[in-house]
Amino acid sequence: MVDLVVRSRRAITPEGERAAAVAVEGGRIVAVHGYDARIEAAEVVDLGDTALLPGLVDTHVHVNEPGRTEWEGFATATRAAAAGGVTAIVDMPLNSLPPTVNTDALAIKQKAAAGQCHVDVGFWGGAIPGNAGELPDLHGAGVYGFKAFLADSGVPEFPPVDAAQLAEAMQAVDALFVVHAEDPYHLHAAASSAAYADFLASRPADAEHAAVATAIAVARDAGRRVHILHLSAASALPLIAQARADGVRVTAETCPHYLTLDAAAIPDGATEFKCCPPIRDAANADLLWAALADGLITCVVSDHSPCTPDLKRQETGDFAAAWGGIASVQLGLPVIWTAAAERGHTLADVVDWMARRPADLVGLRQKGRIAVGADADLVAFEPDEEFTVDPHTLHHRNPVTPYAGKVLRGVVGTTWLRGQKVTGAEARGRFLIRGEN
């Protein structure tokens, strides 16, 4: 007798799509049998032709609590994640107050999150000027690595590092460093303007290219792992390819908005599309898709970065003044599946990009896969059902979205966290601590 069996004729496993019966006991997957296997269970769910996916893993989420909880909080962010089929997130060290740059700040954040999480939550630490000495203890406390900005982060309490400061941080601790790669010397001050083209011109692809080169050079010299966050500029891809060929441990991610939105189609004043680095053109997106398909880009994550509506400056449409961030943790799966299916990719591809590989990036081997021994984080997904994005149905605190009104393919039904349905009524999420989970 096991606790739960979930059957699906379209289960996405590490071996690909197959008909399967997934047996769950004590929150873990204990067996994956054929669809018709006879298994004694306290509960049996038969999804039929509805797909069964592993819970997605989103390693790039800004929850902002404490300090800027009016922007987003653990209760709302994790409820949105679960509604989007995401069962584990890793929270960024900013824009909370204090930022997670030492063990005291980590403890404050964990206290704020306790009892509020509807999915499992891990934490990044931050590398800023002058805190290299804090990093070993912070790493020992269980953060999954350290985020650094090479350009202004947008908040004064999390300043950027230069190449020497990044090298100092890398030399202080053997950890994964994740880098916001834009070079400040290639960025231009954006004048007040409602024209998206003016904002885009202020953050050219050269800024990403130069910063990626810097991050790779520092990682090469330090012998450390480096991960390029939210890659937007395809021109930097050859640098990453060459570095990997040379043995540098470099990986890269991109986001749904860079793969599916087109700069040429962004209306003037539509500040809900502002993010940094910016959305570029369709030809650039095609190159990102090609890199994703061949494994040069390893994963797709949200960079969920909400704020209050007033900070988006929607009433003025001023791109220079608006906060840069797109909140999409609830919508990433259907956004990517809609575009991926049109390009001939499979659900197994999407699961690889959005579940297994992000989990592997941070060492969560028990997440992101339907396999014996993994956590029973599961998602019922209707891949052929369509819906129109209505901001009123989104669970993040301030439901501003560039996807409003878009018709997307793929609807999340039930989400299970360690074998229990996530309903939003009870917060069962746990903290994910590096080396313990």
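Tutor: Buried means under 20% relative accessible area, exposed over 50%, and partly exposed in between, with a 1.4 Å probe and protein chains only. The model is predicted, so local features need pLDDT of at least 70 and side-chain atom pairs count only at pLDDT 80 or more, while totals for chains, interfaces and linings use all residues. Residues are numbered from 1 along each chain as its sequence is written, and side-chain values use heavy atoms, with hydrogens and water left out.

Student: Is Phe 431 buried, exposed or partly exposed?

Tutor: The relative accessibility of Phe 431 is 26%.

Student: How far apart in sequence are the parts that the pair of Phe 123 and Phe 431 ties together?

Tutor: Rings of Phe, Tyr and Trp (its six-membered ring) pair if their centres lie within 6.5 Å; planes under 30 degrees apart count as stacked, over 60 as edge-to-face and the rest as tilted. By this rule there are nine aromatic pairs. In one of them, the centres of Phe 123 and Phe 431 are 5.5 Å apart with planes at 70°, so the pair is edge-to-face. Phe 123 lies in strand β8 (residues 120-123) and Phe 431 in the segment after β17 (420-421), so the parts tied together are separated in sequence by 308 residues.

Student: Which residues do ring pairs link into a cluster with Phe 74?

Tutor: Phe 123 is buried, with a relative accessible area of 2%. Ring pairs link Phe 74 into a cluster with Phe 123 and Phe 431.

Student: Which residue has a side chain in polar contact with that of Glu 426?

Tutor: Glu 426 is found in the segment after β17 and is partly exposed at 47% relative accessible area. A polar contact is a pair of N or O atoms within 3.5 Å; within protein, one must be able to donate a hydrogen and the other to accept it, and residues adjacent in sequence count only if both atoms are side-chain atoms. At 3.2 Å, the side chain of Glu 426 is joined to that of Arg 428.

Student: Which residues of helix α7 are buried?

Tutor: Helices (H or I, at least four residues) and strands (E, at least two) are DSSP runs, numbered from the N terminus. Helix α7 spans residues 237-245, and the face turned away from its buried side carries the exposed residues Pro 238 and Ala 245. The buried residues of α7 are Leu 237, Ile 240 and Ala 243.
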